[in-house]
Amino acid sequence: MSANAAGLSGVDTANRQRRRIAPPVIRGLLWAAIGFLVFNTLVSQVIDRQPYDPFVTRVSATVGWAAAVIGWLLGVGAWEVIVRPFFGHPVEWDIPNDWRRYFMFSTDHKVVGLQYIFTTTGSFLLAGLAAMMMRMELMNAKLWVFTNPGAYLTTVGIHGTVMMFSVGTVALVGGFANYFIPLMMGSNSSAYPRMSGLSHWLLPAGIATVFLSPLLGQWTTGWRAYAPLSGQDPSGIVFYYLGVFAMTTSSLLVAINLTATIIFNRAPGLTWNRLPMFGWGILAVSLLTIIWVPEIQMTFIISLLNLIVPFSLFEQTGSPLTYMESFWLFGHPEVYIIVVPAFALWQEIIPVMGQKTLFARQWGVLGLVFVMLFSGLVWAHHMFTNMRNSEMLPFSFFTEMISIPTGFSYLVVLGTLWGARLKFSTPTLFVLMSMFNFLIGGITGVLLADPVINLQTHDTFFVLSHFHYTVIGSMVFTWLAAAYYWLPKLSGRMYNETLGKLGAIWVFIAFNSAFGQMFFVGLRGMNRWVAVYPQYLQNMNFSISMFAFLLGLGFLFNFVHITWMWNKGKPVGQNPWNGKTLEWFGTPKPGIATFSPLPHVETGFYDYSENTPPTPSPPKRM
Amino acid sequence: MSSHNTYTKTSLRIGPLSERDLRKNRFGMSLYCISQAVPYFLLINIRFVIAGNFVPVGLNLWLGGIIPTVALLVGIIPLFTARAALQKDDIPRVRSHVMTAMLLGLIGLLSLLFPLWFHNFDALSPFGEIDLISLGVASFYTIIALIVAWGVYLRLGKGLIRKETGWGIEATIWVYAFNAIAWTALFFTLDLL
Amino acid sequence: MIDILLFAFFWLIATLLGEWGVHAMEARGLYYSAATSQALDGEKAVAFILTMLVPVIAFVVVMLIYTAIRFRSRKSLQFRDNKVFIGIWVLFSIALNILFFVHPSASALEQMFNNEEARLNRHDLIVNVTARQWEWIFSYPQYGIQTAEDSNGNSTLYLPVNQNVRFVLRSYDPYHTYDPNGAVIHDFWIPAFGLKQDIIPGETRLEYVHTNKITSYDVDPMVRVQCAEVCGPGHPFMEAPVHVVSSSDFMKWVQAQRKLEAS
Ligand code: HEM
Ligand SMILES: [Cu+2]
Ligand SMILES: [Cu+2]
């Protein structure tokens, strides 16, 4: 049975007339454009016509956008795969076994995973370009790249939003987990393949929406969109709310799909005790996503209505702090959504690279789970500057305590490293660097959890540097580690070890030089969201910018290297690292079932002692 | 392996779900309910932060209140009887019961939408804002429930749903009942507490 | 065994180096410039936490480097557990976090709350701070000064040294009071004073400082009011110079301001 047709089985093209349709992506764009035009016109010219209104108003843009996204989803294939069968029509959807499958609705988890990987990488580069423009502006204390501070702030907002919702939240979950979680579970499909196919296509829609927000006007709030400022700018923020809605829905669907995959699609013998660490990590973040993403979606819908109806819920006559609280209620779990899969991957990669039994595995699992549980208790540490004194101590307490379960990830990896036979490869290097970076991020986090220190460092470049240490320093570095680690599985080819190490050292040095200095510039009085700043900070900012450019080039170097080796690298065997998790025992080719028959798991995946067989769970015929 | 992976006409003859798949689908539905309950919690929370216990005098308790609550709650019953009828493979009966649920849902929807347009209290008071948003949210989920029921109704008509493949009916029950119960809770805390 | 000894040796060295680094930074001033007792408290808290954490940082960093260099391509020793190590790790991390919570977090907050006690603040200098987009307005109700401005008409903040100051913070636009929803969130921050406070429309907030050093924007650019919460395109321009002067100079300035406002 084809893995592709999971749930809707049957491969039989012989006696069917093939229907000809335009390439799905083109058709999606077309339907999106038509949807927007029709509904925008309907609202702004007919239903809600006001004198002197422009052709696109806040209300009409919202309705038109909804129509456009629906048109886009239907166009790329939801029409044939979901809507028509839902009303009882037969499914007619041809998925060619070539590059075209990446540009259409697909139910194969490997295709979906790769689609996510491409889309996230693209958005990382675009949002990174925005960061380069910001750093360019900050080279000089005066305005010189942007024509006005509002344009700079809009860029900051776009950068932050896309990085958070399309890179941070998605890269390791929508991308690598969609591809590898079913493989690690020894399954040929994810739990709800059609939903999974839909989820990816929401992501480019969301990214495009956020990048197009300047068409509606500037927005100066940054990615947190604090009210009441959000209500005062021109209308660009409408597309922020809508774009985030699309991107977060995508993440929500992925979370539901992967949770069910981990629970229901495990191969025979893959008991909870044997669940791979990455599985635990993804399970933890998925639960966080399922709870907190709907929370922020509702908050943003209320904010959007507040803006377009308009209401005054979060203005002076309402309650500005309520927005802030609702935002951070989600905002803090969000950072664990980003970093927990990275922790899990350290614990996945190091035992393989060290050929060493995983140390204190149960503490690692405990750590991931407790970080998840605690993450709902610490959110208000983003609000020390505007809360009542009595609220400070509990939030400070939980914030400091969360470093305990976080530390367990270090305990596990360091224990595994001790006495290992470490292969000093590029993924190893990236994991070690990622651990160093997160250490810095964590130490500065302890400082920030102290209210008295927080009152000085909040809203300065100190905080900016702290969270970039956690998102770039640890999550992006781990993302690259995973890319190098799994490249042989993704492409059947190996990267070049020298170039890989060069890339790692390059981004490590550039990253630490740029963001390390930001702590100090923050302490010296550099606050956030400023395109113009006092002259005395210029030297330091100039130096930061130089290293930031170097960092940008370093990322580019790594991506080019990976892409190149994806196509031209030296072919390698099934299992070049001698890993024991199940993905190393199948031949994952998109469009083809990975395991036939399904593997049967007999031992855990992390035992490298002498008396266990070299591969613990050779896929056995049942 | 042919060069195309294709869903064919035959693919819609979905076989009966295995016990595991059934559990998997139910699990997915419960995740849907858990995640979509969160917005309701947020709405209730914001209502108390912004408006306290205040309820305007001009509020019509029937429209956008008792009528949709009763209609939606009662609408759950014919769906269960429809499932029972499906066990006997009595398709016409299943259809008529699903239709009854849809009609009740429609009544609920209309009575939610009506006060959304014509409300005789100040929309720009903290309570008014939250009340209107709540009505909008409830209408949205009611529409979703109606669409799900409608699809099942059409599929029943085409003979695609049978005793062994009754998941569609159960899915409708999940979505429909979730909406009814969530709205009832919202109505209760918003207008009655 | 030799590994453990070697590791301990490097760990010790790294810890010593780290402590030396922290103390060098402390001597230079962790906050670069500290003109209130609140800022000094903050610096002390940073110094304490860093001093305590240096051995931890050194442990992890040395471990990462040591294992990466030392444990390569030899015969590996397999173990999945070490009760003593795990026990120490867990207990130590709990103890350290509780320590930090008790001191400096709770103790310094205690100090801050005490500073805010009304009975201790009967003789405070009161400065009403109004934030509008995009300007700070300072008035001194005890001295009848409506808007403190320099000769160019820019807002400026004068404070006497060794004095408790109570800032009364509000966000609204005194020039457009007919728009109740026009105000946004700002944040009152003087980098050299070591703390900041958000200003929420519709709320009145207080911030207390005790000045302890004569200084001014002219000699130290960190002695400025800077809006720290994004408040629209004008956010970067929402600054005002601060002058901390002797009490006699402060009275002279008050006289001059009064004359300026009378004219
Ligand atoms: C490629 C290297 C990157 C550089 C040089 C960079 C630089 C910057 C700069 C200069 C700011 C604006 C500071 C301000 O004026 O307030 C910023 C903000 C931000 N960045 Fe990055 N960044 C990078 C990558 C990332 C990544 C990978 C993420 C997350 C996954 C990220 C998340 C954010 C967020 C959330 C903000 C806050 C935006 C806001 O204030 O609304 N950045 N970054
Ligand atoms: Cu401001
Ligand atoms: Cu500002």
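# Close-up views of a predicted three-chain model

**View 1. Chain B and its contacts along the sequence.** Among contacts (heavy atoms within 4.5 Å) in chain B between residues at least 6 apart in sequence, 82% join residues at least 24 apart. This is a predicted model, in which local features need pLDDT of at least 70 and side-chain atom pairs count only at pLDDT 80 or more, while totals for chains, interfaces and linings use all residues. Residues are numbered from 1 along each chain as its sequence is written, chains are lettered from A and ligands numbered from 1 in the order in which they are written, and side-chain values use heavy atoms, with hydrogens and water left out. Chain B holds 5 helices and 1 strand, in the order β-α-α-α-α-α along the sequence; helices (H or I, at least four residues) and strands (E, at least two) are DSSP runs, numbered from the N terminus. Of its 193 residues, 54% are buried, that is, under 20% relative accessible area with a 1.4 Å probe and protein chains only, where exposed means over 50% and partly exposed lies in between.

**View 2. Confidence in chain B.** The average pLDDT (the predictor's confidence in each residue, from 0 to 100) of chain B is 87, and 91% of the residues score at least 70. Residues 1-13 of chain B stay under 50, and the model has 50 contacts beyond four places in sequence for them.

**View 3. The shell around ligand 1.** For A:His159, the side-chain N or O atom is 2.8 Å from a nitrogen atom of ligand 1.

**View 4. A:Thr357, where chain A meets chain C.** Find this residue in the loop between α9 (320-354) and α10 (361-374) of chain A. A:Thr357 is buried, with a relative accessible area of 2%. Its side chain joins that of C:Gln78 through a polar contact of 2.7 Å; a polar contact is a pair of N or O atoms within 3.5 Å, and within protein one must be able to donate a hydrogen and the other to accept it, with residues adjacent in sequence counting only if both atoms are side-chain atoms. Beyond four places in sequence, A:Thr357 touches residues including C:Phe79, C:Arg80 and A:Tyr606. Of the 2 pairs of chains in contact, chains A and C share the most contacts.

View 5. A:Tyr606 lies in the segment after β3 (570-571) of chain A and is buried, with a relative accessible area of 6%. A polar contact of 2.7 Å links its side chain to that of A:Glu348. Among its other contacts beyond four places in sequence are A:Pro276, A:Met277, A:Arg361 and A:Thr581.

**View 6. C:Phe167 and its surroundings.** Leaving aside neighbours within four places in sequence, C:Phe167 is in contact with residues including C:Val127, C:Leu157, C:Phe188, C:Ile190 and C:Arg205.
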